[in-house]
Amino acid sequence: MTITHADPAIPAGRLLHLDCRAGLAGDMFLAALADFAGPWLDLQPLYAMLRPFAQVQPVREVRRGVAGTRLEILPATDQPLRHLPELLAIAAQLPLSGSVQARVQQAFHRLAEAEAAVHGVAVESIHFHEVGAVDTIVDVVAACWAVEALGVERITASPVPWFAGTVQCAHGTMPLPAPATVRLLHGKPVFPTDATWELVTPTGALLLDILVDEYAAGPAGVLLTQGTGYGNNPAGDGVRLFLCDSDPLSPELQRLWVLECTLDHLTGEELGAALQGIMAAGALDVIYLPGIMKKNRPGGLLQVLCGEDLLEQVEDAVFRHTCTLGLRRTLATRRVLPRQAMTLRTPLGELAAKQARRGDTCLLRPEHEAMQTLADSLGLSVAELRLKLVQGGGE
């Protein structure tokens, strides 16, 4: 079996579509990501990264009969008033990849430039007064980090709703949309609504500005999962995110998961039973590679292959049968040759076999169980039968 890994371990061609017709805020975007079904995105590393600044807690919520996720973002400590250089310094210290770091820095600069233009001051003078800019840090870092973690190559969004009214802020009473929001929405498609409350926040407009490649009526491709994110306004509708494969796999390619963990605590009998139990749970293949682990203990690497439909079931089997404390997951693709079952007639008897084709080449492989049955009937071992077939040939 051949497994081809993508880099970073995720098939190319993914598209993320933002349905923001009911509005968008930074926390709503992250909440929709937290609402994704299945194993598409593990946000725990992100929450751990942001813990020095804030505790991020997803909360399940149903609004108008639609279940989604809302986030509670609580500052870890009293937060100081921060200016742009301080935000940039914080971002520089985070363990982000080079591309994510660049996008985060670009976002902070873009927001500061928009606010400075609105208030008629220098960029360096702009202060971020939303809880010391904790919300801005969490929302911007989370969005940029998640886009890379999902392997997204292209982002589209629906047109953006327009709204009216006023809002109280540190500068007094301001019209809606907020002036910074209006500036960030320049060049983007909008449509009017009757709303007299804030549908799109400055951070929401910022995410549209730095992330979206194209505005479209809806997603295009093969839908993988979706999430609904709600904001803090209990009367507000949410934003919906749709993750798609914009470049579907060819019929010969299949998507599967590679699960790995290291083991040094099982007896030989327990290890054998674990391999059998994991296969019974629906794994496509189970491999154990022996080696030497920490403190020079004998141990090994357990590698399990399974399809997306049985991922949770197979993972549960690995945890149950091995009692491991952690499991690594890698999304990969494998190429499967077109194949069919057939009967192979030989001078020594018939054998069930599989026939596969690669271009003009035909590959023929007898089933092991059929070889074992025929060998037993002839009083031979499988190795002896194989040798006789090679020497005598088959039809």
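Hi everyone, let's start with strand β14: six of its seven residues are buried, so β14 is largely enclosed by the rest of the structure. Buried here means under 20% relative accessible area, with exposed over 50% and partly exposed in between, using a 1.4 Å probe and protein chains only.

Before I go on, a word on the source: this is a predicted model, in which local features need pLDDT of at least 70 and side-chain atom pairs count only at pLDDT 80 or more, while totals for chains, interfaces and linings use all residues. Residues are numbered from 1 along each chain as its sequence is written, and side-chain values use heavy atoms, with hydrogens and water left out.

As for names, helices (H or I, at least four residues) and strands (E, at least two) are DSSP runs, numbered from the N terminus.

So which strands does β14 pair with? Six bridges connect β14 with β2, and these two run antiparallel; Leu18 sits opposite Leu241 in β14. β14 also pairs with β13, again in the antiparallel sense, over seven bridges, and there Val222 has Asp245 of β14 as its bridge partner. Two strands count as paired if DSSP finds at least two bridges between them.

The open sheet has seven strands, in the order β3-β4-β13-β14-β2-β7-β12, with mixed pairing. At the edges are β3 (54-63) and β12 (214-215), each with a single partner strand, so one side of each has no neighbour in the sheet. For a parallel example, take β4 (residues 66-75) and β13 (residues 222-230), which pair over two bridges. Here Arg70 is opposite Tyr230 in β13.

What packs on this sheet? Helix α1 does, touching β2 (14-19), β3, β4, β13 and β14 (239-245), and its direction makes about 130° with that of β13. Contact means heavy atoms within 4.5 Å. Axes are lines fitted to C-alpha atoms, for helices over the stretch in contact, and angles run from 0 to 180 degrees between N-to-C directions.

Helix α1 has a helical partner too. The axes of α1 (residues 26-34) and α5 (residues 134-149) come within 9 Å and cross at roughly 40°. That makes α1 oblique to α5, since angles under 35 degrees count as roughly parallel, over 145 as roughly antiparallel, 65 to 115 as roughly perpendicular and the rest as oblique. On the α1 side, Gly26, Asp27, Phe29, Leu30 and Leu33 meet Val138, Asp139, Ala142, Ala143 and Ala146 of α5. By class, this contact has seven nonpolar, one polar and two charged residues.

α5 also packs with α7 (residues 202-211), at an angle of about 30° and with the axes 11 Å apart. Asp139, Val140, Ala143, Cys144 and Val147 of α5 meet Thr203, Leu206, Leu207, Ile210 and Leu211 of α7.

Last stop, the hairpins. Strands β19 (residues 339-346) and β20 (residues 349-358) pair in the antiparallel sense over eight bridges, with Arg345 opposite Glu350 in β20. Two residues link β19 to β20 in this hairpin. β20 then pairs with β21 (residues 361-366), antiparallel over six bridges, and Ala353 has Pro366 in β21 as its bridge partner. This hairpin also has two residues between its strands, and Gly359 in the turn has a positive phi of about 65°.

Definitions and conventions. Nonpolar A, V, L, I, M, F, W, Y, C, P; charged D, E, K, R; others polar.
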